[in-house]
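Here's a quick briefing to read with the model open beside you. Take a look first, then work through the notes below.

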Amino acid sequence: MRPRCGTDMGLIVKTSARAIIPLIGIFGAYIVAHGHLTPGGGFQGGATIAGAGILFLVAFGLNEMRKHYNKHLYSALEGLGGLVFLGAAMLGIGTAFFYNTLWHNGPIFNGKPGTLLSAGFLPIMNLAVGLKVFTGLVSALVAIAMYRRWKS
Amino acid sequence: MNGEAILPYLIIIPLFGAFSMPIVSLIGRKAREAWAVIISGATLAVASALFYSVWEDRGIIVYTLGAKSPLGQGVSFPIRIVWEVDLFGAIMVLMVALVSFLAVVYSLGYMKHDTGLDKYYTLIIVLELGMLGIAITGDLFNFYVFLEIMSIASYALVAFRNDTWEGIEAGIKYMFVGSIASSFILLGIALLYGQYGTLTMSYLAVKLAQNPTVTAKVALALFIAGLLFKSGASPVHMWLADAHPAAPSSISAMLSGLVIKVGGVYALARLLFSIYSPLAYKALRAYGYPYINMNTVGWAIIIFACLTLIIGNAMAVIQTDMKRLLAYSSVGQIGYILLGLGIGLAAYGSHTGEVALAGAIYHTFNHALMKALLFLIAGVVIHELGTRDLNELSGLAKTMPKTTFAFLIGAAAIIGMPPLNGFASKWLIYESSAIFNPILGAIAIIGTAFCTAAYVRVLYTFFGRPSERVMKAKDPEASMLWPIIILAVAIVIMGLFPWQISEKVMLPAAKALEDQLAYISAVLGGA
Amino acid sequence: MIQFQFITAFLLIVLGIYAFLAKRNLIKLILALDIIDSGIHLLLISLGYRIELNEVPTAPIYTGYETLKSPMVGPLPQALVLTSIVIGVCVLSLAMALTINAYRHYGTLDVRALRRLRG
């Protein structure tokens, strides 16, 4: 039997998903937060967190997703991510666009390389990009899923 | 005015506008529309100031991202992303900002009945952003990123009306062709990076002149193939004739007026003159070093240009769909621009080449105005009558006099009638091509004959006996009428001072494009 | 030493172009685009990995680079490939959205059906 869209995938999948989704989210958050120290960064971490969202969509079905998904909120958050990125890039506009003034002059994020509070605007940008990628990918996937529903 | 200080705002303002659009549109419809107009208007102001600054100083503005100087610490080559604007780039920036602003204003009335408009305005600003970025960038990968921003926004906008099959089909065709072309360009960039280890255009030019290898030639072939795809040159122009009519008319105006020029011809000119330079070819050949033969490249572009010119204009004659006719006419006019570019490359160093290049730049600007005007008028006709079939538009002049008059101006300008702006630019191209090779001059004239036939046919329909359907039509509302009036007035005013503009702006722009040494030393600082 | 990664990259690009020309299904065409892109990404990223003087380069991590004996992989191609992958994701999702729309209008995924625009 073909699974109909909008419905969930059964108890086993739902239970495992409930257990796994927080772990995926935490791992994604780790990748985003350590983007300036280890391989990874905003896009990779954001895509990982979006993977948790997509797992939710697949396991619990579109109807359940609709309750937790607000289109306006997600697109506003996506815009907010972009704005924070742009703001971080503009902090050093006195010298040049994208000038890393936090790293050169402080007051925060100018610690020793290798520590969490270092690398100037890079952690801020990673967080912003992570937010943007997460909201963007989830929105895209939900839009495509809804589309299929809408057709039938 | 200090051009260097305002250059980043050319990118910051549209980026800010695009990112804040979802938040602003939560307030309401009016706020969103006002925001789009404010953002594109502010971009236009910055672009005008930038153009004035570059034009006044006759210099090249270099802006480094992330630091004061593009050179790395303790090394003498650039390691950072640079933006580099010469007069040619500044003209493109002004053109993009002007036409985009008018298209946004026009959209207020034209797109009133559509849904999903927050995405529409975001995409239109992103499209503008991509084109501005291409015009100002001095870094190859940065160029690719802006090219893709522009391309993705235009794929989405072509398919914006996804409840019609026409938009979807055109969008899919456009997207596949455009993605393949982008892949070619990326492959070319990867090959150049692998060979020379740098992405800064000016430093790459130095490295290339020192050691022109086979890899560089392959990369050049890939670049030319990809960018001819993007500019809609003849063997691969089919996507253009599908995509431009299917888009909403304000987008058609931007696609036909701007995207194929900035993303195709401008990028091609930048690559051919500032990276692979005919100057280096001449010098290396004179001293017996290995070289890349830019003369052959110039002739290859001339051949493509002639094909494009004939096919595009000839196909325009037999169309019955008004927007399709205009799209084919765009193909034909791209042929003229490419012809000027090819002659400028093949006859590099002579006065003929310079005049041809000036003509190409002039015609790029003129055609952006003319084609934007004509597509906006086509949009008005669709908006009022719901059809764009020429057989049903007979006698439009009676009920839509202002619109028809504006169309008359646009058509006369695109044909090249003397008191309008198209005359001067076409004349420069005819003149230089006739001096360079009389056969090319003859081909250019034949193309114009076809073009005249196509537009006379449309005008004949407009001034013909009114059909019943047309009687209900009237001139459009103010937000749609004013962009048309502004464009028509700009065409007439530019037509009044053709030689002054060509002397004061276009010839210096051609000189700036030809002067590769100034382009290089602006970044490397004589190092 | 034979640079296998370049050969693989070239093969992937050729394979993608073949699939693009030979296949008729829209989804397969999108996959073909992705294969071409992957080939280019492989080429680009292997440009940063050069074995010189028999020294195998290590990952470009900034901390502790003073104590590193061997050279590092060039970090720039990795940044370029990452950017290019992001662009690829955009194109891919847009292509999928358009394909869904096309299926709705045409009832098929065959590109030969997309021929209504003519003239």
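**Where chain C meets chain B**

The contact between these two chains draws 26 residues from chain C and 29 residues from chain B, where two residues are in contact if their C-beta atoms, placed from the backbone, lie within 7 Å. Keep in mind that this is a predicted model: local features need pLDDT of at least 70, side-chain atom pairs count only at pLDDT 80 or more, and totals for chains, interfaces and linings use all residues. Residues are numbered from 1 along each chain as its sequence is written, while chains are lettered from A and ligands numbered from 1 in the order in which they are written.

- On the side of chain C that touches chain B, α2 (26-47) and α3 (75-106) of chain C are the elements giving two or more residues; helices are DSSP runs of H or I, at least four residues, numbered from the N terminus.
- α3(C) gives the most to that side, with 13 residues.

**Transmembrane spans in chain C**

- An unreviewed UniProt entry annotates residues 6-22, 29-49 and 79-103 of chain C as "transmembrane region"; positions follow the numbering used here, feature names are shortened, and annotations may be inferred rather than shown by experiment.
- Residues 29-49 of chain C are 90% helix and 0% strand (strands are DSSP runs of E, at least two residues), with end C-alpha atoms 31 Å apart.
- Residues 79-103 of chain C are 100% helix and 0% strand, and their end C-alpha atoms lie 36 Å apart.

**A residue in chain B**

- Leaving aside neighbours within four places in sequence, B:L373 is in contact with B:A406, B:G410, B:I484, B:L487, B:A488 and B:I491.
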